[in-house]
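Reader: I've just opened this one and could use a hand finding my way around. Could you walk me through it?

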Number of protein chains: 2
Amino acid sequence: MLYIIGLGLSDETDITVKGLKAVQGSERVYLEAYTSILTVGKEKLEEFYGKSVTVADREMVESESDAILENADKVDVSFLVVGDPYGATTHTDLVIRARELGIPVQVIHNASIMNAAGACGLQLYNFGQTISIVFFTDTWRPDSFYDRVAENKKFGLHTLCLLDIKVKEQSIENLARGRKIYEPPRYMTVNQAVEQLLEIEENRGEGHCTPDTLAIGCARIGTPSQKIVAGSLAELVNVDFGGPLHSLVLIGSRMHHMEADFVREYAVDKTTFDDLVKKSIGPK
Amino acid sequence: MLYIIGLGLSDETDITVKGLKAVQGSERVYLEAYTSILTVGKEKLEEFYGKSVTVADREMVESESDAILENADKVDVSFLVVGDPYGATTHTDLVIRARELGIPVQVIHNASIMNAAGACGLQLYNFGQTISIVFFTDTWRPDSFYDRVAENKKFGLHTLCLLDIKVKEQSIENLARGRKIYEPPRYMTVNQAVEQLLEIEENRGEGHCTPDTLAIGCARIGTPSQKIVAGSLAELVNVDFGGPLHSLVLIGSRMHHMEADFVREYAVDKTTFDDLVKKSIGPK
């Protein structure tokens, strides 16, 4: 059996009791470690499970999946994913490959940012499609996700923005010389995401991500140091959210006053917040 | 401390290790039991926790929340929710009330249908807003969610439909006579949801939920008896999905071929599925 097990959002104790049992009964345990992170590392997990854990990078999951799946028709193998297994595309690939090899798969679900984002005080059913914001480079400043935001905004829906993570990146020089030397990991902050959105707004000018747009910055959701701050993009660009992971929610105009009441507790400045809410959704 | 703890989707072992520890350290434990269900009852949970559990119905949570919160500033109290705490509106109320009383709150997240729906093979970021389909009665046949489906469809997005649950309902006669006698619980099936959608389509005629519309019926997601079947609404109306809980996903036209490949494994009839996919998103 291949177990694909969500680890949740915070530390080693966010695994489910069912997931823990599956890990402890597995012959091999892999940890997918390139689409998200916990607040603890592999060593902590190994200590908690009483098992050795192999870190699987993108290359391994995408091109050596058969090694992960080896003899999983006979013994149990666990593949651990931060959040929930169905958050990222590559795990679908692994399930499809397992199917082809006739290996039974059991998914053990857990929280992911896709549902834990409800912690910001907005109702999950008022969210439109989720977007990913990638790091701008000097030569590559993609803005196609702005169209997705525009679609959500058209119907007054909120937009969850997942922020880029770069791990095991090679510099252009190291890549050219074939040197497997990797840059330190980078995690996009709320501030960087907001800066990029404001820059795109400057170019596109459709009014979906202006300095006055209401949003909620979220850091380390589900962990003891969780930080949630609501305000205009102009306000959020200067808020210190601390360490990773960050995400950002753009508030839609169909927000209920009940949602606004909850979010207000997180406002940088309650007066500005009330003004912008009134402009966006009208008085109570 | 008030702990609000997600129980996940299946049985007593889907609680996280962190959640279990909080339950075991709590003086009182409440179980919210009207917006969703596990595959096991209160007795099984009590046995697993080694703790007595009080079932909290809607009335208790909505009008007697102060009893739940009593002295939670001094002792630990756990409030258990099937799925994730932020799936349903009422728990936001409880958080707001706790805030007013100066009671610290810790949410322990878990999987909910909002993210576990990814099990159907569609990518979560391609979903638009989530809708709820309520039971039609002879005199009340609401269809406002059809507009939400139309909005999602306009941009080719998938729609997760949560299906109605009726627990502790009184018949009109018992209600009128003030008799606290309750009807057996009712859980909407995929078939009932599809029938209602097709009826609404007959009236509205905008083409969003026709017999040819591609959808995925999901039953008991995250449990060992999970059943996922894809097909046209005309096909799904006759599929036996077994016991609750059910949900339904309407497929949007922005589906990738990779999503279609995954979903195809669940098709009632692969030929019909391929034809409808080709019509909807074009050939590969």
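Reader: How many residues of domain 2 of chain A are in contact with domain 1 of chain A?

Author: Keep in mind that this is a predicted model. On the domain 1 side, 11 residues take part in the contact. On the domain 2 side, the count is 13 residues.

Reader: Now the helices: how is H7(A) oriented relative to H9(A)?

Author: H7 of chain A covers residues 145-154, and H9 of chain A covers residues 190-204. Their axes come within 11 Å and cross at roughly 85°. Angles of 65 to 115 degrees count as roughly perpendicular, so H7(A) is to H9(A) roughly perpendicular.

Reader: Which residues of H9(A) make that contact?

Author: H7(A) brings Phe145(A), Tyr146(A) and Asp147(A). By class, the contact has 4 nonpolar, no polar and 3 charged residues. From H9(A) come Leu197(A), Ile200(A), Glu201(A) and Arg204(A).

Reader: What kind of axis relates the two copies, chain A and chain B?

Author: Chain B can be laid on chain A with an RMSD of 0.0 Å. That takes a turn of 180° and a shift of 0.0 Å along the axis. The copies are therefore related as by a two-fold rotation axis.

Definitions and conventions. Residues are numbered from 1 along each chain as its sequence is written. Chains are lettered from A and ligands numbered from 1 in the order in which they are written. This is a predicted model: local features need pLDDT of at least 70, side-chain atom pairs count only at pLDDT 80 or more; totals for chains, interfaces and linings use all residues. Side-chain values use heavy atoms; hydrogens and water are left out. Axes are lines fitted to C-alpha atoms, for helices over the stretch in contact, and angles run from 0 to 180 degrees between N-to-C directions. Helices (H or I, at least four residues) and strands (E, at least two) are DSSP runs, numbered from the N terminus. Angles under 35 degrees count as roughly parallel, over 145 as roughly antiparallel, 65 to 115 as roughly perpendicular and the rest as oblique. Contact means heavy atoms within 4.5 Å. Ala, Val, Leu, Ile, Met, Phe, Trp, Tyr, Cys and Pro count as nonpolar, Asp, Glu, Lys and Arg as charged, and the others, Gly among them, as polar. Copies are superposed by least squares on the C-alpha atoms of residues with pLDDT of at least 70 in both.
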